[in-house]
Amino acid sequence: MHRMLSRTLLCGVAALGWVRGLGAQPVPARDLWEFPLGAVFEPPAVAVEPGGGLWNPATLVLASDVRYRLGVASLTSGPDQGVDGQLISGSWRRRTGVTYGLSIARAAVSGLVRTETDPQSVGSIAYVSTLVSLGAARALHPNVDAGVAVRWRYGRADTERRDAIAADFGVVAHDLPFRAARVAVSSFLWRPGREIQDRPALLAAVDLRAAGPRAEREARVGLSVNAVNRGAREIGPYAAARFDRVEGRVGYFESEAGATSLTRFRTGVAVHYAGYVVGIAREEGAAGLGPIYQFTLSSILR
């Protein structure tokens with residue numbers, strides 16, 4: 001059983017070795033993956049909705065009574081940022097206990113115009129990135145899930161186009177003895193030897209039960225960290241509460257990029273009903289920028 005995870009990881013490492021010779025230039029539009037597509041409602045390291053293990057492949061793991069999971073997410077911002085993103089994902093649990101997942105994500109900036117010698121527009125500038133992830137995960141212990149993912153990333157900035165392959169590894173330890181604590185760690189867009197050009201991220205989160213008897217009726221508090229190599233670093237506390245079918249979350253995060261520091265709130269609500277989860281989340285605008293909105297929908301099949 002453990003061999004399946006090892007084989008997936010080996011494929012990713014082999015692909016990394018092959019792609020290192022394709023050129024030293026970074027893939028354009030890396031900064032689009034600093035927007036929390038699919039992770040406005042939950043911190044990236046523990047984001048389950050809408051599924052697919054986009055940020056942490058260990059979150060792919062499905063419960064033993066679930067066979068399939070499908071999900072979609074859409075992220076939009078105001079015209080002053082012009083960023084939008086879409087995500088579609090699916091996962092499948094085998095009888096061996098291994099869950100396989102596939103996700104396709106796209107992020108882009110609209111409204112970039114080309115000018116020449118005067119302010120008159122002579123066309124638009126494309127700034128877009130696509131990320132395709134294939135992952136595998138399983139429970140290594142009743143309280144520890146681990147996963148790996150191989151990712152293909154394509155980026156375009158005007159006429160410049162490049163792609164690359166990365167491999168990531170993630171772990172989630174859950175339902176720990178002290179107040180059902182949870183700890184999650186994952187890499188994101190990691191290519192060994194290319195850390196300066198491709199700027200991989202380290203994602204982490206820890207939370208615990210503050211009140212309530214079980215997962216369907218509880219309140220949790222935690223801390224999330226998202227650090228991009230030579231990029232933005234975000235840290236902040238968050239709180240979540242669920243009462244049967246309704247779940248709410250709020251977080252306060254501080255982001256630093258160079259000499260710039262920004263703070264922002266993220267809030268969201270989700271409804272669980274008959275195997276479906278519908279969520280709406282919002283990130284408040286910072287430094288005069290408009291807010292970001294996210295819609296998610298996921299479904300499980302038993």
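**Close-up views of a predicted model**

View 1. We start with Arg-93, which sits in strand β2 (residues 83-93); helices (H or I, at least four residues) and strands (E, at least two) are DSSP runs, numbered from the N terminus. This is a predicted model, where local features need pLDDT of at least 70, side-chain atom pairs count only at pLDDT 80 or more, and totals for chains, interfaces and linings use all residues. Residues are numbered from 1 along each chain as its sequence is written, and side-chain values use heavy atoms, with hydrogens and water left out. Arg-93 is buried but has no salt bridge, and the nearest side chain of opposite charge, Asp-65, is 7.6 Å away. Here buried means under 20% relative accessible area, exposed over 50%, and partly exposed in between (1.4 Å probe, protein chains only). For charges, Lys and Arg count as positive and Asp and Glu as negative, while His and the chain ends are not counted. A salt bridge is a side-chain nitrogen of Lys or Arg within 4 Å of a carboxyl oxygen of Asp or Glu. What Arg-93 does have is a polar side-chain atom 2.7 Å from the backbone oxygen of Leu-62. Setting aside neighbours within four places in sequence, Arg-93 is in contact (heavy atoms within 4.5 Å) with residues including Leu-62, Ala-63, Ser-64 and Thr-99.

**View 2. Asp-65 and Arg-302, a salt bridge between distant parts of the chain.** The side chains of Asp-65 and Arg-302 meet in a salt bridge, at 2.7 Å from N to O. Asp-65 is in the loop between α1 (2-19) and β1 (68-77), while Arg-302 is in the segment after β16 (292-301), 237 residues apart. Asp-65 counts as partly exposed at 44% relative accessibility, and Arg-302 counts as exposed at 65%.

View 3. Arg-217 lies in strand β11 (residues 217-228), and Asp-244 in the loop between β12 (233-243) and β13 (246-257).

**View 4. Trp-55 and Phe-188, a tilted aromatic pair.** How many aromatic pairs are there? The count comes to four. Rings of Phe, Tyr and Trp (its six-membered ring) pair if their centres lie within 6.5 Å; planes under 30 degrees apart count as stacked, over 60 as edge-to-face and the rest as tilted. For Trp-55 and Phe-188, the ring centres are 4.5 Å apart and the planes are at 35°, so the pair is tilted. Trp-55 lies in the loop between α1 and β1, and Phe-188 in strand β9 (residues 182-188). Trp-55 is buried at 4% relative accessibility, and Phe-188 is buried at 0%.

**View 5. A word on confidence.** The pLDDT (the predictor's confidence in each residue, from 0 to 100) averages 87 for the protein, and 86% of the residues score at least 70. Over residues 1-23, though, the pLDDT is below 50.

Key. A polar contact is a pair of N or O atoms within 3.5 Å; within protein, one must be able to donate a hydrogen and the other to accept it, and residues adjacent in sequence count only if both atoms are side-chain atoms.
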